[in-house]
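Thank you for making time this morning. I would like to walk you through one structure, so please look at it with me before I say anything about it.

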Amino acid sequence: MIEVRREDFCVDEIIKRMKAPGIGALSIYVGTVREFPEGVGLEFADNDQAAEKLGEIRERAINRFDVEDVAIMHRVGLLGVSENIVLVAVSAPHREAAFSACRSIIDDIKDLHKSWVKVVSK
């Protein structure tokens, strides 16, 4: 599941969707806007390529790690300090695969942000 949206997301809803009898681990990461001196927020452009790039990241993780499913939700628009930016949820039979896949996905998304995010100055 890949979703790019303006509205906030609900972590509990994603967790409910990803549970299944063969799943022994859910690794959840929520990235938020942190306070930083040079700006008041972050702006993520609403572009058609975002969902495609996130889909590629998802597929790479599924093919590389022993995981059942990956959900990535990413917000666009102007986001202020403490607002949610991204949610990554990975379900797997075992915790090590879930942790490893989640970390890899976050690293890939961080690289994607270099071309996608703009700091909004004071």
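Predicted model: local features only at pLDDT ≥ 70, side-chain atom pairs only at ≥ 80, totals over all residues.

Residues are numbered from 1 along each chain as its sequence is written, and side-chain values use heavy atoms, with hydrogens and water left out.

How much space lies in the largest pocket? The answer is about 450 Å³, where a pocket is an open set of points on a 1 Å grid over the protein atoms alone, where a 1.4 Å probe fits, with protein on both sides within 12 Å along at least five of seven lines. Of the 18 residues lining the largest pocket, meaning those with an atom within 4 Å of a point, R34, L42, I85, K110 and H113 are the closest to its centre. Helix α3 gives the largest share of that lining, four residues.

Turning to the helices, the axes of α2, residues 48–64, and α3 come within 10 Å and cross at roughly 155°, which makes α2 roughly antiparallel to α3 (the term covers angles over 145 degrees).

Finally, H94 sits in the loop between β6 and α3, and H94 counts as exposed because its relative accessibility is 54%, the cut-off being over 50% with a 1.4 Å probe and protein chains only. The C-alpha atoms of H94 and D66 are separated by 8.3 Å, although these residues are 28 apart along the chain.

Terms used. Points joined across faces, edges and corners; volume = space filled by probe spheres on them. Helix = DSSP H or I, 4+ residues; strand = E, 2+ residues; numbered from the N terminus. Buried < 20%, exposed > 50% of the residue type's maximum accessible area, 1.4 Å probe, protein only. Axes fitted to C-alpha atoms, helices over the stretch in contact; angles between N-to-C directions. Parallel < 35°, antiparallel > 145°, perpendicular 65-115°, else oblique.
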